Amino acid sequence: MSQKVKVAFLGTGGIAAKHGREYRHHPDVQIVGGCDVKADTVNGFWDRCEIPKGHRPPAFDNAEKMYQQTKPDAVVICTPHTLHYEHASLAIAHGCHVLLEKPMVTQADHAYKLRDQVKAAGKVLVVGYNTPCTPEFHHLRELIRGEKLGKLEQVAGWLTQPWIKFVKGTWRTDPKLSGGGQAYDSGAHILNSLCWTVEANIEKVHAYVDNMGNDVDINSSINILFDTGVMASIVISGHCTASGSHLTYMFANGRVDIDGWGGSWINIYEGDQRVKYPQITGKPLTPAGNFIAAILGRDEPRTSPANGIVQSELMDAIYESARTGQPARPAKQGAAV
């Protein structure tokens, strides 16, 4: 690998600019190329990344050409959800580490295949989830692992957004490209927060969804039983004007309330008393920052294909339960995080 990590971008809309601006100023990163369905789209991306004209990497409309000509060490993939598996597989075949925006993939069998490809290639693959990169969620997971508040018994949470207002008419409402609606899009964050902290396989799911006249789900109500006995109930709204997110973890000897979207706040209760100044240590990271640190051996990847497997199996079960009106079980149940 070169002195700096050579990073390319595949898909240059939306969240890609956030990663691009971070890498534009990252001392260990050299951005070497960008690819989208039209090369002109990439030039607009360089504007949003604040890369001045005259210093811009080449723009491509073909990923194969980008890999051949720029020879990146790593790629950031921000394409429509159902294309993630194909695009990540191609990147790994070209010897790249991969930062893959959430959800990792939209089929559980693809998740298992991608895990095997990453392992065989010896590459880093992280998924662009927010909360695993926060000290607050690391602290919470250690509380659960050590049963410092007793055994975790239940989790309840919600996420609200006026999601459909902003995505109407885009690829996100086309199931052939999105794989699903709000539960698979913004909802992926709170569902991953749940699975990342509980660290167990999913035993059974009973879910209801409402498309509200659209081709994908807008609202959903999801009940989950983990194989450890932990019960969880999550409500996801894509039709609420007041955006927010909340998770409550209920233990035998306490409770934890936390921001399920970004881990920006946490309240801890021991017994029936709130801990006024919980001792939370660690530096906040971003998925993009953790990705580079993991490649350079400076940090462990905060997410991995295992997280994508659990979430893919969960989403398959959610949609199966919603379709049949009956509880559904994940197909394999073999990849606890």
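This is a predicted model: local features need pLDDT of at least 70, side-chain atom pairs count only at pLDDT 80 or more; totals for chains, interfaces and linings use all residues.

**The open sheet**
- Six strands make up an open sheet, and their order is β3-β2-β1-β4-β5-β6.
- The pairing in this sheet is parallel.
- β3 (59–60) and β6 (125–127) are at the edges; each has a single partner strand, so one side of each is left without a neighbour in the sheet.
- For β6, strand β5 (residues 97–100) is a parallel partner, and 3 bridges link β5 and β6.
- Within that pairing, Val98 stands opposite Leu125 in β6.

**A helix on the sheet**
- Helix α1 (residues 16–24) packs on the sheet, where it touches β1 (5–10), β2 (29–35), β4 (74–77) and β5.
- The direction of α1 makes about 160° with that of β1.

**Pairings around β11**
- Strand β7 (residues 152–160) and strand β11 (residues 244–251) run antiparallel, joined by 8 bridges.
- One of the residues to look for here is Thr160, whose bridge partner in β11 is Gly244.
- β11 also runs antiparallel to strand β12 (residues 254–258), with 5 bridges between β11 and β12.
- In that pairing, Met250 has Arg255 of β12 as its bridge partner.

**A tip for viewing strands**
- In a regular strand, side chains alternate between the two faces of the sheet.

Methods
Residues are numbered from 1 along each chain as its sequence is written. Side-chain values use heavy atoms; hydrogens and water are left out. Two strands pair if DSSP finds at least two bridges between them. Helices (H or I, at least four residues) and strands (E, at least two) are DSSP runs, numbered from the N terminus. Contact means heavy atoms within 4.5 Å. Axes are lines fitted to C-alpha atoms, for helices over the stretch in contact, and angles run from 0 to 180 degrees between N-to-C directions.
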